[in-house]
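The structure comes first, and the notes follow.

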Amino acid sequence: MKLTGVELRRIEMPLVAPFRTSFGTQTSRDILLLRAVTDVGEGWGECVTLSEPVYSSEYLEGSADVLRRFLIPALQHTELTGAHQVAPVLSRFIGHRMAVAALETAVLDAELRAQGRSFARELGAVRDRVPCGVSVGIMDSIPALLEAVQGYVDEGYVRIKLKIEPGWDVAPVRAVRERFGDDLLLQVDANAAYTLSDARELARLDEFGLLLIEQPLPEEDILGHADLQHRISTPICLDESIVSAQSAAAAIRLGACQIVNIKPGRVGGYLEARRIHDVCAAAGVPVWCGGMLETGIGRAANVALAALPGFTLPGDTSSSGRYYEADITEPFVLQDGHLPVPDGPGIGVTPLPDRLAEVTTSTEWISF
Ligand code: NPG
């Protein structure tokens with residue numbers, strides 16, 4: 001296949017409600033979409049970077065810049081035999097994994113569409129629907145949190161994740177346990193908001209039977225997570241710290257985590273995501289699919305990934321309506337707590353042209 005050009009499209013999507021995490025509050029999502037045009041057809045990828053470098057070092061303008069100046073031009077003179085070559089060709093550029101992931105996904109989508117094969121089949125999915133969890137932001141009050149959780153439970157979500165930070169941890173967890181009982185699958189996510197000196201406070205969460213605590217310490221503090229795991233019984237799950245199959249293998253070997261959150265954008269794409277799945281499966285470590293408030297484009301591919309056999313915990317693969325009033329694809333709608341795995345060619349969905357036009361703020365065509 002030959003790449004003839006890539007469209008960079010910026011869209012702006014308001015969120016149905018503000019989403020507060022330990023690193024800030026999102027009220028709308030500024031998103032970069034990629035449309036790869038090849039001699040065998042076109043494909044889509046969604047870049048999951050936030051506008052600001054607050055979740056990781058990547059940010060949207062930086063992703064657009066590295067794509068237009070380095071990543072896309074590097075593919076210009078390559079005779080691609082397939083999307084599996086994208087990451088190796090781009091490997092001389094350090095970092096920028098979310099940008100690499102978006103480009104690889106768009107090329108992979110084009111390739112698989114041309115072959116009439118789905119992401120699910122290509123990645124090795126073994127299920128045709130996946131159980132879904134939901135991520136609940138930090139709220140102004142416990143009653144507001146309980147009301148939000150009640151709404152998600154009523155919608156059928158099979159697992160609740162509470163965002164936590166120092167000062168919003170034990171009390172909200174206790175309140176949710178008291179109201180919804182011990183059978184509710186419940187986990188927490190700190191987005192790196194604590195330090196090892198908070199170990200005693202974090203150990204207070206042990207009595208609540210949480211599935212896991214996600215990324216309590218900073219991204220680079222692998223040994224801190226290993227030490228913390230000796231001091232708390234809640235299983236530690238890593239998110240931000242896991243950027244590759246290599247870092248996953250190291251974290252597992254060092255005892256820094258018992259569970260891994262896999263986000264394809266964070267690790268440089270779906271092919272590396274599958275490698276992490278394989279590393280974790282070999283080590284007996286459960287994985288689940290994280291989310292970055294994706295539109296239907298990114299969500300479709302995530303749901304395919306979440307259908308692999310090692311994804312034994314419900315993911316942050318929520319319905320489109322959790323974040324957006326109107327998605328840019330046909331919406332993903334929860335059915336009995338699950339989302340169906342797309343089985344059409346490629347990612348199995350395409351943007352609805354009118355809807356896409358409505359939310360587009362700019363387009364840029366990079367041709368060879
Ligand atoms: O369901 O898409 C989703 C979002 C799940 O909480 C979620 N994502 O740290 O995992 C996270 C968090 C996040 C949100 C990260 C926005 C980065 C940006």
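Strand 2 is joined to strand 3 by a hairpin with two residues in the link; strands here are DSSP runs of E with at least two residues, and helices are runs of H or I with at least four residues, both numbered from the N terminus. Strand 1 and strand 2 also form a hairpin, again with two residues between them. The model is predicted: local features need pLDDT of at least 70, side-chain atom pairs count only at pLDDT 80 or more, and totals for chains, interfaces and linings use all residues. Residues are numbered from 1 along each chain as its sequence is written, and side-chain values use heavy atoms, with hydrogens and water left out.

- Strands of a sheet pair through backbone hydrogen bonds, either parallel or antiparallel.
- Two strands count as paired if DSSP finds at least two bridges between them.
- Strand 1 pairs with strand 2 in the antiparallel sense over 14 bridges.
- Strand 2 and strand 3 (residues 41-47) also run antiparallel, joined by seven bridges.
- Ala36 of strand 2 stands opposite Val6, and its bridge partner in strand 3 is Gly43.
- Eleven of the 15 residues of strand 2 (residues 24-38) are buried, where buried means under 20% relative accessible area, exposed over 50% and partly exposed in between (1.4 Å probe, protein chains only).

**Ile11**

- Ile11 is part of strand 1 (residues 3-21).
- Ile11 counts as buried because its relative accessibility is 0%.
- Beyond its neighbours within four places in sequence, Ile11 is in contact (heavy atoms within 4.5 Å) with residues including Arg29, Asp30, Ile31 and Leu33.
- Contacts of Ile11 also include Thr295, Ile328, Leu356 and Val359.

- Seven strands form an open sheet in the order 5-6-7-8-9-10-11, with parallel pairing.
- Strand 5 (133-136) and strand 11 (287-289) are the edge strands, each pairing on one side only.
- Strand 9 (residues 236-238) and strand 10 (residues 259-262) run parallel and are joined by two bridges.
- Leu238 has Val260 as its bridge partner in strand 10.

**Overall form**

- The protein has twelve helices and 13 strands.
- Its radius of gyration is 20 Å, close to the 21 Å of the globule rule for 368 residues, so the protein is as compact as a globular protein of that length.
- The radius is taken over C-alpha atoms, and the rule is 2.2 Å times the number of residues to the power 0.38.
- The C-alpha trace spans about 60 × 40 × 35 Å along its principal axes.
- Of the 368 residues, 59% count as buried.
- Among contacts between residues at least 6 apart in sequence, 72% join residues at least 24 apart.

- Gln215 is not a glycine, yet has a positive phi of about 40°.
- Gln215 sits in the loop between strand 8 (213-214) and helix 8 (222-231), and is buried at a relative accessible area of 0%.
- Asp336, also a residue other than glycine, has a positive phi near 55°.
- The loop between helix 11 (296-305) and strand 12 (338-340) holds Asp336, which is exposed with a relative accessible area of 66%.
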